[in-house]
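Me: I would like to learn how to read a fold from its strands, helices and loops. Please take me through one case.

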Amino acid sequence: MSDLESGTAERECLIEAVNVDKSYTTQREVIHVLAQTSLQVLKGEVLGIVGASGVGKSTLLHVLGGLDKPLKGSVLFRGEDIYKQSNGYLENFRNGHIGFVFQFFNLLPDFSALENAMFPALIRNQDRRLARERAEYLLCEVGMKDRMNHKPGELSGGESQRVALARALVNQPDLLLADEPTGNLDYHASDQLIELIRKLNHEFDQTFVIVTHSQRVARKLDRVMELVDGKVSPSSQNLVI
Ligand SMILES: Nc1ncnc2c1ncn2[C@@H]1O[C@H](COP(=O)(O)OP(=O)(O)OP(=O)(O)O)[C@@H](O)[C@H]1O
Ligand SMILES: [Mg+2]
């Protein structure tokens, strides 16, 4: 039974996009991506976002994660508009509450997998030994035990992706935003990663938003929303959960 059926719908909202507009202006045109787009993410759920390539899934995730200010509308985290706070708020919001897995990983090329995974904890001035222990634990969990000392240039796409997930989880964020975190993984590694997400969700009540093109992944999530023409609505995927 999905959590939706078992009562997720009554949970409090952790983060919410309200009537968000976002467009990109290039030399030739203005591309309207999000238009009056709204989405609620409930505390403790594992939410999937699906949609065609280019529809704006990454854009929506960046807006939710405090990485890209919308032109209009608001993003409310625990009821506070993250883009209307004083200087330094967004940085604290991202470092203190959010883990982000970028679609193209964004690992630091000159540092090892372990150093990359430790990085967010060091930014928060956490004890180096504890940061290392936590990063090592997560890298083992994502099957990267034997590659911790490799630099990103010495890793495969799927390995880089798993390091990016470990990095995003190192500070035990309240909310993990993951942009196609299994896009480069085979079934086995993908299933393992979703199992880890499920485990963390269960043990620590962490909330996850996962953009995916994979039906196999989407079927394992609590709820799946689809982005079409800037509007978010329940995916027909929900019917098969
Ligand atoms: N910096 C940018 N400048 C101009 N256009 C952009 C920029 N970033 C994204 N776009 C355009 O905005 C639209 C939405 O992009 P986005 O990356 O959010 O799509 P997506 O749904 O994540 O696609 P995919 O599934 O391929 O990752 C696309 O048409 C893209 O070409
Ligand atoms: Mg994308």
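Reply: Start with pairing. Two strands pair if DSSP finds at least two bridges between them. Helices (H or I, at least four residues) and strands (E, at least two) are themselves DSSP runs, numbered from the N terminus. Here β3 (residues 46-50) and β9 (residues 223-228) run parallel, joined by four bridges. Before going on, note that this is a predicted model: local features need pLDDT of at least 70, side-chain atom pairs count only at pLDDT 80 or more, and totals for chains, interfaces and linings use all residues. Residues are numbered from 1 along each chain as its sequence is written, while chains are lettered from A and ligands numbered from 1 in the order in which they are written.

Me: Which residue of β9 is the bridge partner of L47?

Reply: R223 is the partner of L47.

Me: In what order do the strands of the open, mixed sheet stand?

Reply: The order is β6-β7-β8-β3-β9-β10, six strands in all. At the edges are β6 (98-101) and β10 (231-234); each has a single partner strand, so one side of each lacks a neighbour in the sheet. Axes are lines fitted to C-alpha atoms, for helices over the stretch in contact, and angles run from 0 to 180 degrees between N-to-C directions. With direction ignored, neighbouring strands of this sheet are turned by 20° against each other on average.

Me: Which strands of this sheet does α2 touch?

Reply: Contact has a cut-off: the C-beta atoms of two residues, placed from the backbone, lie within 7 Å. Helix α2 (residues 57-64) packs on the sheet and touches β3, β7 (175-179), β8 (207-211) and β9. The direction of α2 makes about 155° with that of β8.

Me: How many residues of α2 are buried?

Reply: Count neighbours. A residue is buried if 20 or more other C-beta atoms lie within 10 Å of its own, exposed if 12 or fewer, and partly exposed in between; C-beta atoms are placed from the backbone. In α2, eight of eight residues are buried. Among them are K57, S58, T59 and H62. After α2 comes G66, with a positive phi near 75°.

Me: What is the strand order in the open sheet of four strands?

Reply: That order is β2-β1-β4-β5, and the pairing is antiparallel. β2 and β5 (80-81) stand at the edges, so one side of each is left without a neighbour in the sheet. Helix α2 packs on this sheet too, touching β1, β2 and β4. The direction of α2 makes about 125° with that of β1.

Me: How many bridges does β1 make with β2, and how many with β4?

Reply: Take each pair in turn. Nine bridges link β1 (residues 13-25) to β2 (residues 30-42), in the antiparallel sense. C13 is opposite L42, and K22 is opposite L34. Four residues lie between β1 and β2, which form a hairpin. Five bridges link β1 to β4 (residues 72-77), again antiparallel. V18 has S74 as its bridge partner in β4.

Me: Which residues come nearest to ligand 1?

Reply: The shell uses a distance test: a residue is near a molecule or strand if its C-beta atom, placed from the backbone, lies within 6 Å of it. Of the 13 residues around ligand 1, Y24, S53, K57, S58 and T59 come nearest. β2 and α2 are the elements that give two or more residues to this shell. The largest share, three residues, comes from α2.

Me: Where does N106 lie, and is it exposed or partly exposed?

Reply: Positive phi in a residue other than glycine is the feature to look for here. N106 is not a glycine, yet has a positive phi of about 55°. N106 sits in the loop between β6 and α4 (113-123). N106 is partly exposed, with 13 other C-beta atoms within 10 Å. D205 also has a positive phi, near 55°. D205 is in the loop between α7 (187-204) and β8. With 11 other C-beta atoms within 10 Å, D205 is exposed.

Me: What share of the chain is buried?

Reply: Buried residues make up 40% of the 241 residues. The chain holds eight helices and ten strands.
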